[in-house]
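Keep the viewer open and follow each stop as we reach it.

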Amino acid sequence: MDTPSVKSPHDLLLHLEESSIGERAISLEQQYAEVWRGFVFSLGDLDVIVPFDGGYEILPCGELISLPLAQSWARGMINIRGEIYTVADLSGYLGLEPVRNFREANLLLMPDATLQCALLLDSKISLRSFSQDLPQGVADDVQFPRPDLLLAVVFSEDRMHKWAVLNLPSLLQESRFRNIGPGDGATA
């Protein structure tokens, strides 16, 4: 008669783990590799995403110091923790209706330390995760005033909702955006 083999407590625990989760176990790295995150806000009737890659900060808009002789979309300057930031109205820069109510507006601080800029947004801003597998479209799928500034258009799984993915690094590099002084205001 065969005697059953005696297993160590460690072997028993390994066996229990394998039998309970088996190959269904997915590492955290695998789970998060399938999603990406972005800040979501509205510009007019369109929902926009700025992909999150660190360095951004969201703050309520405080009191702005006006900038005489600046472009109309350069709404002022603000002191944030002893640092002076130029406040750019993204809607106004894109040729949309400018932000009117500063009390309810938010600032999205840019990670570019040389620019020291904050975008003024007339919208709530949230951080959201998106699946890599969501259907994508092209700039023609949305009515965005500057299609050249879009990375993509992303649709919900049921295609009932769409988001324009803004190429913020390209916006921040535009000479027109970086030069807030008086000029003709032509689109770059």
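Glu-97 and Arg-100 are joined by a salt bridge, with 3.1 Å between their closest N and O atoms. The term salt bridge here stands for a side-chain nitrogen of Lys or Arg within 4 Å of a carboxyl oxygen of Asp or Glu. Glu-97 is exposed, at 56% relative accessibility, and Arg-100 is exposed as well, with a relative accessible area of 60%. The cut-offs are simple: buried means under 20% relative accessible area, exposed over 50%, and partly exposed in between, with a 1.4 Å probe and protein chains only.

Before going on, please keep in mind that this is a predicted model, in which local features need pLDDT of at least 70 and side-chain atom pairs count only at pLDDT 80 or more, while totals for chains, interfaces and linings use all residues. Residues are numbered from 1 along each chain as its sequence is written, and side-chain values use heavy atoms, leaving out hydrogens and water.

How many salt bridges are there by this rule? The count comes to six. In one of them, the side chains of Asp-112 and Arg-178 meet at 3.5 Å, N to O. This pair links distant parts of the chain, 66 residues apart: Asp-112 sits in the loop between β6 and β7, and Arg-178 in helix α5 (residues 175-178). Helices (H or I, at least four residues) and strands (E, at least two) are DSSP runs, numbered from the N terminus. Asp-112 counts as buried at 17% relative accessibility, whereas Arg-178 is partly exposed at 34%.

Another salt bridge connects Arg-146 to Asp-148, whose closest N and O atoms are 2.8 Å apart. Arg-146 is buried, with a relative accessible area of 5%. Together with Glu-174, Arg-146 and Asp-148 are linked in a network of salt bridges.

Some charges belong to a surface patch instead. Glu-34, Asp-133, Glu-157 and Asp-158 form a negative one. Patches are made of residues with over 30% relative accessible area and no salt bridge, like charges being joined within 9 Å and nonpolar side chains (Val, Leu, Ile, Met, Phe, Trp, Tyr) within 5 Å. Asp and Glu count as negative and Lys and Arg as positive, with His and the chain ends not counted. Glu-34 is found in the loop between α2 (28-33) and β1 (35-43), and is exposed at 51% relative accessibility.

Now to the strands. Which strands form the open sheet, and in what order? There are six, arranged β8-β1-β2-β11-β10-β9, with mixed pairing. β8 (126-131) and β9 (136-137) stand at the edges with a single partner strand each, so one side of each has no neighbour in the sheet. Two strands count as paired if DSSP finds at least two bridges between them.

Within this sheet, β1 and β2 are antiparallel over six bridges, and Gly-38 has Pro-51 in β2 as its bridge partner. Their hairpin has two residues between the strands, and Gly-44 takes a positive phi near 65 degrees there. On to β11 (residues 162-166): β2 pairs with this strand in the parallel sense over three bridges, and Val-48 stands opposite Ala-164. Five of the six residues of β2 (residues 46-51) are buried, so the strand is largely enclosed by the rest of the structure.

Is strand β7 mostly covered or uncovered? β7 (residues 117-121) is mostly covered, five of its five residues being buried. In a regular strand, side chains alternate between the two faces of the sheet. Both faces of β7 are covered, with buried Cys-117, Leu-119 and Leu-121 on one side and buried Ala-118 and Leu-120 on the other. β5 (residues 83-89) pairs with β7 in the parallel sense over four bridges, placing Val-87 opposite Ala-118. β6 (residues 106-109) pairs with β7 in the antiparallel sense, also over four bridges, and Asn-106 has Leu-121 as its partner.

Our last stop is the backbone. Most residues other than glycine have a negative phi. Gln-116, in the loop between β6 and β7, has a positive phi of about 50 degrees although it is not a glycine. Arg-81 is also not a glycine, yet has a positive phi of about 55 degrees. Arg-81 lies in the loop between β4 (74-80) and β5 and is exposed, with a relative accessible area of 61%.

Conventions: Accessible areas come from the Shrake-Rupley method with a 1.4 Å probe; for residues, only the protein chains shown count as cover. The place of a charge is taken as NZ of Lys, CZ of Arg, CG of Asp or CD of Glu.
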